[in-house]
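User: Hey, I've got a protein to look at for class. Can you walk me through it?
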Amino acid sequence: MNRLYRDGDRAVRDLAVDRSGVMARVRDPELATIVSFTAAEYKASIAGLSIVTGRCQILMGGVGTDIYEVALEDSFCAVTVQRPDEPLIVPDATRDPRFATLRTVTGQPSVRFYAGVPVLDRNGFALGALCIADRTPRTEAFDPTMLLIRAHEIERLIRS
């Protein structure tokens, strides 16, 4: 079983999200601008800033989707936050056994490519992820540098 789903972890995750105050920034124009820039930089059809709680993933701002909440079992970002020191890059979700059966892959928004980096609180706890996605796979090498830079901008905003 994925460690994110244990009851104790849910409480810890919810406490960290609550203490960060990030949920007060839903639809924040500064965060939305960073997400938009990230989508444009990577020519991605979908981009978002998600916060992963103990119950679900909440999309704080997004481009290319009107989804607001995703169940943890259908969330790429719930996997991303489990490794706070590294990006998660999935060239083709239909060929990755971790993601091939997710509803976000088999249904709408039909994610094929995903790249996400954790967004950390002051204590280094991953609150969520800044991510991009596309409806087509990407077979070329992916450079996450700008995604990391934009995630650090978000971290500075939510820590202020």
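Predicted model: local features only at pLDDT ≥ 70, side-chain atom pairs only at ≥ 80, totals over all residues.

User: OK, and where does Thr65 sit?
Analyst: Thr65 is in the loop between β2 (56-63) and β3.

User: What does Thr65 touch?
Analyst: Ile46 and Leu59, if you skip residues up to four places away in sequence. Thr65 and Ile46 are 19 residues apart along the chain, yet their C-alpha atoms are separated by 6.5 Å.

User: Which residues is Thr80 in contact with?
Analyst: Leaving out neighbours within four places in sequence, Thr80 is in contact with Leu88, Tyr114, Gly116, Val117, Pro118 and Ala129.

User: Switching topic: how many strands form the sheet?
Analyst: There are 6 strands in an open sheet, and their order is β3-β2-β1-β6-β5-β4. The pairing is antiparallel.

User: Which ones are the edge strands?
Analyst: β3 (69-71) and β4, as each of them pairs on one side only.

User: What holds strands like that together, in general?
Analyst: Strands of a sheet pair through backbone hydrogen bonds, in either a parallel or an antiparallel way.

User: Back to this sheet. How much are neighbouring strands turned against each other?
Analyst: By 25° on average, ignoring direction.

User: Tell me about β1. Which strands does it pair with?
Analyst: β1 is joined to β6 by 6 bridges, and 6 bridges also join β1 to β2. β1 runs antiparallel to β6 and antiparallel to β2. The link from β1 to β2 is a hairpin through 3 residues.

User: How many residues of β1 are buried?
Analyst: 7 of the 7, so β1 is largely enclosed by the rest of the structure. Both faces are covered: Ile46, Gly48, Ser50 and Val52 are buried on one side, and Ala47, Leu49 and Ile51 on the other.

User: And how many for β6?
Analyst: 9 of the 9 residues of β6 are buried, so β6 is largely enclosed by the rest of the structure too.

User: How do β5 and β6 pair up?
Analyst: Strand β5 (residues 113-120) and strand β6 (residues 126-134) pair in the antiparallel sense over 8 bridges. For instance, Ala115 has Ile132 as its bridge partner in β6, and Leu120 has Ala126.

User: What's in the hairpin of β5 and β6?
Analyst: There are 5 residues between the strands, and Gly124 takes a positive phi near 85° there.

User: Now helices. Which strands does α5 touch?
Analyst: α5 packs on the sheet and touches β1 (46-52), β5 and β6. The direction of α5 makes about 35° with that of β5.

User: How do α2 and α5 run relative to each other?
Analyst: The axes of helix α2 (residues 29-42) and helix α5 (residues 145-159) cross at roughly 180° and come within 10 Å. The two helices are therefore roughly antiparallel to each other.

User: Which residues meet between α2 and α5?
Analyst: From α2, they include Leu31, Ile34 and Phe37, and from α5, Met146, Leu147 and Ile154 are among them. By class, the contact has 8 nonpolar, 2 polar and 4 charged residues.

Definitions and conventions. Residues numbered from 1 in each chain as written. Heavy atoms only, no water. Axes fitted to C-alpha atoms, helices over the stretch in contact; angles between N-to-C directions. Helix = DSSP H or I, 4+ residues; strand = E, 2+ residues; numbered from the N terminus. Parallel < 35°, antiparallel > 145°, perpendicular 65-115°, else oblique. Contact = heavy atoms within 4.5 Å. Nonpolar A, V, L, I, M, F, W, Y, C, P; charged D, E, K, R; others polar. Pairing = 2+ DSSP bridges. Buried < 20%, exposed > 50% of the residue type's maximum accessible area, 1.4 Å probe, protein only.
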